[in-house]
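Please read the following walk-through with the sequence and the coordinates side by side, moving from single residues to the whole chain.

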Amino acid sequence: MPDKAKVAALISGRGSNMAALLYASKLPDAPFRLVLVASNDPDAAGLELAKAEGIPTFALSHKSMNRGEHDAAMDKAVRNSGAEYIALAGYMRILGEDFVRAWEGRALNIHPSLLPKYPGLDTHERAIEAGDTVAGVTVHLVTAELDAGQILGQTEVAVLPEDTPESLAARVLFAEHQLYPRVLADYVSRPFDAAWLLDQVRVRAMDLPEVEERPSHGAPGWRTGGKSGKYFAYFSDQHHGEDAIALLAKTSGIDEMTALIERDPDAFYRPAYYGASGWVGIVLNRPGADWEQVEYWLKRSWQAVAPKRLTKLLDAADEF
Ligand code: GRF
């Protein structure tokens with residue numbers, strides 16, 4: 001098992017979602033832990049709770065600071081904490097583009113509506129006014145556009161005929177506290193999950209010209225070039241007792257394979273059997289696995305085995 005993923009929670013007030021994350025992180029097998037609770041309001045109630053539970057805190061009022069400066073100070077505090085992910089939990093500040101870009105794919109938010117319905121404020125009021133019979137909560141990735149990033153999870157909550165925005169909010173909050181820890185746990189576990197990793201490799205391999213997936217000795221593999229086609233990639237899920245979940249790709253030969261492993265032994269290894277013919281293992285189940293590198297090796301490997309008529313096509317496309 002990898003180390004627990006380090007998460008910073010950003011709050012502005014009560015912090016009940018942060019508390020839900022915090023207590024979920026204390027359960028056996030939780031894949032994440034909170035390393036910081038930070039707030040733009042030094043009086044946020046959630047800070048006291050975090051302190052009492054021994055979680056480091058950071059508070060910096062945004063008043064009398066411009067957005068860029070405040071974002072940068074928060075970003076610095078988060079980085080200093082060693083956090084790998086950010087969980088926005090009732091953080092009532094819109095984050096600037098620089099901040100969002102720096103944390104792209106690693107910052108989550110919880111929003112009390114079934115997005116894409118009702119981004120922004122007053123979600124419960126708007127749901128009731130619209131006569132909705134179902135409201136709910138969404139956890140999504142943070143992007144520059146408010147409440148618009150990829151949806152990672154949602155829970156529906158029934159609207160009762162006599163609901164006020166407050167009574168509905170209180171019920172939605174139960175759902176929030178269930179959903180957020182679960183979605184965060186799944187999200188931080190993905191980079192170590194064989195099924196998810198296989199999907200990532202598969203979409204990239206299948207994106208190359210004339211590729212078919214066909215198992216080889218029980219492992220997923222990809223070939224190109226039609227009937228007499230050759231394999232250019234295999235997916236190895238801890239085969240032969242190895243630790244790695246990996247992509248096996250074809251290098252130009254043993255020398256190149258050896259050089260790669262020497263240069264970056266965390267990312268590359270010599271796979272059993274295949275190593276002997278110059279295939280290299282690219283480790284996928286590690287923090288910060290590099291998907292551009294995976295794409296590069298898939299393409300190189302494909303080029304090494306694809307028939308001329310196909311490589312010509314790709315070369316022509318590259319020239320554009
Ligand atoms: C929650 O309803 C959350 O969905 C929204 O702000 C509220 C924060 O509540 N983004 P808390 O501070 O987590 O108790």
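Aspartate 122 counts as exposed, because its relative accessibility of 51% lies over the 50% that the class requires. In this predicted model, aspartate 122 sits in the loop between strand E5 (107–111) and helix H5 (123–129), and its phi is positive, at about 55 degrees, although the residue is not a glycine. Aspartate 122 also belongs to a negative surface patch, which it forms with Glu125, Glu129 and Glu166. The loop between E5 and H5 holds proline 116 as well, and a cis peptide bond, with omega at about 15 degrees, joins leucine 115 to proline 116.

A positive phi is found again at aspartate 29, another residue other than glycine, where the angle is near 75 degrees. Aspartate 29 is placed in the loop between H1 and E2, and it counts as exposed because its relative accessibility is 74%.

Helix H1 itself, which covers residues 16–25, presents a contrasting picture: 9 of its 10 residues are buried, so the helix is largely enclosed by the rest of the structure. The buried residues are Ser16, Asn17, Met18, Ala19, Ala20, Leu21, Leu22, Ala24 and Ser25. What covers these buried residues of H1 includes strand E1 (5–11), strand E2 (32–39), helix H2 (45–52), strand E4 (85–88), strand E5 and helix H6 (165–189).

We turn now to charged pairs. Side chains of opposite charge can pair when their charged atoms come close. A search of the whole structure finds 14 salt bridges, and one of them is formed by glutamate 53 and lysine 26, whose closest N and O atoms are 2.8 Å apart. This pair links distant parts of the chain, 27 residues apart, since glutamate 53 is in the loop between H2 and strand E3 (57–59) while lysine 26 is in the loop between H1 and E2. Glutamate 53 is partly exposed, with a relative accessible area of 28%, and lysine 26 is likewise partly exposed, with a relative accessible area of 49%.

A second salt bridge joins the side chains of glutamate 97 and arginine 101, with an N to O distance of 3.1 Å. Both of these residues lie in helix H4 (residues 97–102), where they are 4 residues apart, about one turn of the helix, and both are exposed.

What does the salt bridge between glutamate 210 and arginine 309 tie together? The closest N and O atoms of glutamate 210 and arginine 309 are 3.1 Å apart. Because glutamate 210 lies in the loop between helix H7 (194–206) and strand E8 (211–213), and arginine 309 in helix H10 (residues 308–319), the pair ties together parts that are 99 residues apart in sequence. Glutamate 210 counts as partly exposed at 43% relative accessibility, and arginine 309 counts as partly exposed at 48%. Elsewhere, salt bridges that share partners join Glu97, Asp98 and Arg101 into one network.

Two further residues can be followed through their contacts. Isoleucine 261 is placed in helix H8 (residues 254–263) and, leaving aside neighbours within four places in sequence, is in contact with Phe268, Tyr269, Arg270 and Val280. The C-alpha atom of isoleucine 261 is separated by 23 Å from that of alanine 205, which is 56 residues away along the chain. Glutamine 293 is placed in helix H9 (residues 291–305), and it is buried, with a relative accessible area of 18%. With neighbours within four places in sequence again set aside, glutamine 293 is in contact with Ala267, Phe268, Ile282 and Arg286.

The remaining values concern the whole protein. There are 10 helices and 13 strands, and the C-alpha trace spans about 70 × 45 × 40 Å along its principal axes. Buried residues make up 48% of the 320 residues, and, of the contacts with a separation of 6 or more, 58% are accounted for by residues 24 or more positions apart. The protein exposes about 16,400 Å², of which carbon and sulfur atoms supply 52%. Its 33 positive and 45 negative charges have mean positions that are 6 Å apart.

Definitions and conventions
Residues numbered from 1 in each chain as written. Predicted model: local features only at pLDDT ≥ 70, side-chain atom pairs only at ≥ 80, totals over all residues. Heavy atoms only, no water. Helix = DSSP H or I, 4+ residues; strand = E, 2+ residues; numbered from the N terminus. Buried < 20%, exposed > 50% of the residue type's maximum accessible area, 1.4 Å probe, protein only. Contact = heavy atoms within 4.5 Å. Patch = residues over 30% accessible without salt bridge, like charges linked within 9 Å, V, L, I, M, F, W, Y side chains within 5 Å. Areas by Shrake-Rupley, 256 points an atom, 1.4 Å probe, with all protein chains shown as cover. Salt bridge = Lys/Arg side-chain N within 4 Å of Asp/Glu carboxyl O. Lys, Arg positive; Asp, Glu negative; His and termini not counted. Charge placed at Lys NZ, Arg CZ, Asp CG, Glu CD.
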